[in-house]
Amino acid sequence: MDKQFELEFKVRDYELDLQGIVNNAVYQNYLEHARHELLISAGLNFKQLHLDGYDAVVIKSEIEYKKPLTSGDEFKVVTSVAKEGRLRLIFYQEIIRMSDGALILKAKITTACIFNNRPIEASFIFEKFGL
C-alpha cells in the first residue's frame with residue numbers, strides 16, 4: 001500500500017479517566033476502528049470475512065504512548081500496512097493531535113488470518129493492499 005489511510009476522531013468525555021486524560025485502553029478502540037475503516041476502503045468487510053469463515057486476529061500489539069489526549073481534542077489515526085512473511089499483515093499506526101501536530105502514540109499491530117481455526121496465507125487480503 002503506497003499511501004496512508006487517515007481517519008479523524010474527537011475525544012469524548014466518557015473516554016477519560018480520573019486524571020482527565022484518555023484512558024490507555026481507549027486508544028486501542030481508536031486504532032481498531034481505523035483498521036476496520038481501512039479494510040472497508042480497500043473493499044473488504046470485516047463482518048463478511050467472518051461470515052465466510054475468515055477471521056483476522058490481532059496476535060501482537062506494540063504501543064508507545066507519547067502524550068495524552070484530553071476532552072475535546074481532535075486527532076487523526078494514520079495507518080499504513082505491510083506484509084511480514086507469508087501469514088502476517090502489519091498495521092503501522094500513529095495518533096496525531098490535529099491542533100498542534102503532536103504525536104500521541106505509535107503502534108505496530110501484527111495480525112494473521114485464520115480459516116477453520118488454522119492460520120492461512122490470506123493472499124486475497126494482501127492483494128487488496130498491493131502487497
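I began with Asn24, which is partly exposed at a relative accessible area of 46%; buried means under 20%, exposed over 50% and partly exposed in between, with a 1.4 Å probe and protein chains only. The model is predicted, so I noted that local features need pLDDT of at least 70 and side-chain atom pairs pLDDT 80 or more, whereas totals for chains, interfaces and linings use all residues. Residues are numbered from 1 along each chain as its sequence is written, and side-chain values use heavy atoms, without hydrogens and water.

I placed Asn24 in helix α1, helices being DSSP runs (H or I) of at least four residues and strands runs (E) of at least two, numbered from the N terminus.

I then looked up aromatic pairs, in which ring centres of Phe, Tyr and Trp (its six-membered ring) lie within 6.5 Å; planes under 30 degrees apart are stacked, over 60 edge-to-face and the rest tilted. The count is 7. Tyr27 and Tyr30 are edge-to-face, because their planes stand at 90°, with centres 6.0 Å apart. I found Tyr30 buried at 2% relative accessible area. Tyr30 also forms a tilted pair with Phe75, at 4.7 Å between centres and 50° between planes. This pair joins helix α1 to strand β3 (residues 74-84) and so ties together parts 45 residues apart in sequence. Phe75 is buried at 0% relative accessibility.

Finally, I examined Arg35, also in helix α1 (residues 24-41). Arg35 touches Val58, Phe91, Gln93 and Ile109, leaving aside residues up to four places away in sequence; contact means heavy atoms within 4.5 Å.
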